[in-house]
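Here is a briefing for a reader who is meeting this structure for the first time.

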Amino acid sequence: MKRILVTGATGKTGSLVLKQLRKQSDRFEAIGFARSPAKITELFGSTAGFIVGDITDKSSLESAIKGCDALVILTSAVPQMIAPPSDGKPPQFAYPPDGMPEIIDYQGQKNQIDAALQAGIEHIVLMGSMGGTNPNHILNKIGNGNILIWKRKAEQYLIDSGIDYTIIRAGGLIDELGGNRELLIGKDDLLSTNPPDGISPIIPREDVALVIINALIEANARNKAFDIISKPEDAPNATVTKNFASLFAQATGGM
Ligand code: NAP
């Protein structure tokens, strides 16, 4: 029985991961960490099995993580629309001043890794994003946040921490059913700069949740960092991914 802390558990992927872990109650005791009791209650019915806290507050993390075996980091800065599209111009987005990527995606993830180190956690699964090898990526321009740059700095901090890591850099996330696609592992953004058969580098959040849960189970996922996308459901010659040990065997360590 492993006790797992899932941060960002009220997020779109984080809530899926927590719900799926709770379905495997013979194997996992899953604790959610999130900042809004109202949002927790809206998504899960009550705050039972949650610790309310903020990743910018080290003390709330330190008490949440005590007694856990693994940590799943699904927190991220979230840009907010500050002006809707008008006159053919696209919508404008910005981050709140206390929610900039440097504060959340770097310092906030670093706080979690430091708390995990202090608590003797054996494994951290960190969800990142594809695109980080390109400093001029359009996502870095949003709100002058350089979000992909800060995410990669946190990934390097995790690798350097000495804790077993699994860094999962997803392609574009879509809200479709999981478990119906062949998943493809890559590195250095090659799956988006040079995608096989020209497919879109996207993946359902439910599939990412499956990858995260299997990363907590399969020894092959330890000390690996990889990009991940999916083939379309109707792709010719696609074989739905069921064997996660073989999938993780294709991944490599280091950035
Ligand atoms: P999401 O819904 O945006 O969730 C982010 C979570 O972080 C939310 O639960 C948010 O809390 C939490 N959070 C933010 N600041 C916090 C703080 N100070 N303290 C505690 N919690 C805090 O995430 P997602 O869309 O599922 O994405 C998951 C990850 O994949 C993110 O790292 C994202 O960047 C990455 N990714 C996204 C895409 C894409 O296409 N969107 C593609 C590749 C990778 P609240 O619920 O209270 O707001």
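Helices (H or I, at least four residues) and strands (E, at least two) are taken here as DSSP runs, numbered from the N terminus. The protein chain has nine helices and twelve strands. This is a predicted model, in which local features need pLDDT of at least 70 and side-chain atom pairs count only at pLDDT 80 or more, while totals for chains, interfaces and linings use all residues. Residues are numbered from 1 along each chain as its sequence is written, and side-chain values use heavy atoms, with hydrogens and water left out.

**Overall build**

- The radius of gyration of the protein chain (taken over C-alpha atoms) is 18 Å, close to the 18 Å that the globule rule gives for 255 residues, so the chain is as compact as a globular protein of that length; the rule is 2.2 Å times the number of residues to the power 0.38.
- Along the principal axes, the C-alpha atoms of the protein chain fill a box of roughly 45 × 45 × 35 Å.
- Buried residues make up 47% of the 255 residues in the protein chain, where buried means under 20% relative accessible area, exposed over 50% and partly exposed in between (1.4 Å probe, protein chains only).
- Of the contacts in the protein chain with a separation of 6 or more, 76% come from residues 24 or more positions apart, a contact being heavy atoms within 4.5 Å.

**The largest pocket**

- A pocket is an open set of points on a 1 Å grid over the protein atoms alone, where a 1.4 Å probe fits, with protein on both sides within 12 Å along at least five of seven lines, and its lining residues have an atom within 4 Å of a point.
- The largest pocket has a volume of about 1,400 Å³, and of the 46 residues that line it, Leu74, Thr75, Ser76, Ala77 and Val78 are the closest to its centre; the volume is the space filled by probe spheres set on the points, which are joined across faces, edges and corners.
- At least two lining residues of the largest pocket are supplied by each of helix 1 (12-23), strand 2 (28-34), strand 7 (123-129), helix 6 (147-161) and strand 9 (172-174).

**Helix 6 and its ends**

- Asn146, in the loop between helix 5 and helix 6, has a positive phi of about 45° although it is not a glycine, and it counts as partly exposed at 32% relative accessibility.
- Helix 6 is followed by Gly162, whose phi is positive, near 90°.

**Single residues**

- Val125 lies in strand 7 and counts as buried at 1% relative accessibility; among the residues it touches, not counting those up to four places away in sequence, are Leu71, Ile73, Thr166 and Leu216.
- Gly53, in the loop between strand 3 (50-52) and helix 3 (58-65), counts as buried at 11% relative accessibility and touches Phe33, Ala34, Arg35 and Ser60, not counting residues up to four places away in sequence.
- Asp87, in the loop between strand 5 (80-83) and strand 6 (92-94), is exposed, with a relative accessible area of 77%, and its phi is near 50°, a positive value in a residue other than glycine.
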